[in-house]
Amino acid sequence: MPRPDIRAPETLFIRQRPDHVPPESLDHAELAASIASLELKLLSSKRSLMAAQTAGVLLVTFVVVLGGLLLYFGPSPFLQHVFHNSESLVATTYDVVLWWLALVMLAVFGGIFGDQLLRGRLRLARGWKHRVAELSRRLDDAQRERQRREAGR
């Protein structure tokens, strides 16, 4: 079977097969190069997925630790810890009101910021997860095609 000219208009605009099997117009060397490229892309995508998942875990850990530190300081020595003043360790009404105001404001703004950041991080991780699944399927199809061609020799 003669090899088609890949620069011809009818081969430039060949529709991708729905099963993602490499086109018949690829010879063995091009198929091997395609498989090597897919393996590198898959490895890179897996690393990016791992980095996105690790960043998500670190972000959640950071938010939990920050909340724990905020609760550790508590309302009684709040102003003294903030302004490094150790005159009185008794919580006044003013201290408690400022504490709860600061706690509520940090919870609201921190929650909004953390939610948006975590949603973006999870969206990024889901994107990389889909990319890894797609590349795995394409790599499996290309390897099956190579095995089919080698068995047909």
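Me: Among contacts between residues at least 6 apart in sequence, what share joins residues at least 24 apart?
Reply: In the protein chain that share is 76%, where contact means heavy atoms within 4.5 Å. Keep in mind that this is a predicted model, where local features need pLDDT of at least 70 and side-chain atom pairs count only at pLDDT 80 or more, while totals for chains, interfaces and linings use all residues. Residues are numbered from 1 along each chain as its sequence is written, and side-chain values use heavy atoms, with hydrogens and water left out.

Me: Thanks! How many helices and strands does the protein chain have?
Reply: Four helices and zero strands, so the order from the N terminus on is α-α-α-α, with helices (H or I, at least four residues) and strands (E, at least two) taken as DSSP runs and numbered from the N terminus.

Me: What about helix α4, does its span agree or disagree with 1.5 Å a residue?
Reply: It agrees: the 59 residues of helix α4 (residues 93-151) should span 87 Å, and the end C-alpha atoms are 84 Å apart. The expected span here is 1.5 Å times one less than the number of residues in the helix.

Me: Which residues of α4 are buried?
Reply: Among them are W99, L103, G114, V132, L135, L139 and A142, and also D95, D141, E145 and R149. Buried means under 20% relative accessible area, exposed means over 50%, and partly exposed is in between (1.4 Å probe, protein chains only). Across the protein chain, buried residues make up 20% of the 153 residues.

Me: Switching topic: what is in the largest nonpolar core?
Reply: That core has nine residues: L31, I35, L38, L42, L49, V132, L135, L139 and A142. Helices α2 (28-73) and α4 each supply at least two residues of this core, and the largest share, five residues, comes from α2. A nonpolar core is a set of buried Ala, Val, Leu, Ile, Met, Phe, Trp, Tyr and Cys residues joined through side-chain atoms within 4.5 Å.

Me: And what does V132 touch, leaving aside neighbours within four places in sequence?
Reply: V132 is in contact with L42, S45, K46 and L49.

Me: Where are L43 and S44, and how far are they from V132?
Reply: L43 is in helix α2, and S44 lies in helix α2 too. C-alpha to C-alpha, L43 and V132 are 8.6 Å apart in space and 89 residues apart in sequence. For S44 and V132, 88 residues apart along the chain, the C-alpha separation is 9.1 Å. L43 counts as partly exposed at 41% relative accessibility, and S44 counts as partly exposed at 40%.

Me: What lines the largest pocket?
Reply: There are 16 lining residues, and V63, L66, G67, L106 and G110 lie nearest the centre. Helix α4 gives the most to the lining, with nine residues.

Conventions:
1 Å grid on protein atoms, 1.4 Å probe; cavity = no way out; pocket = protein on both sides within 12 Å on 5 of 7 lines; lining within 4 Å.
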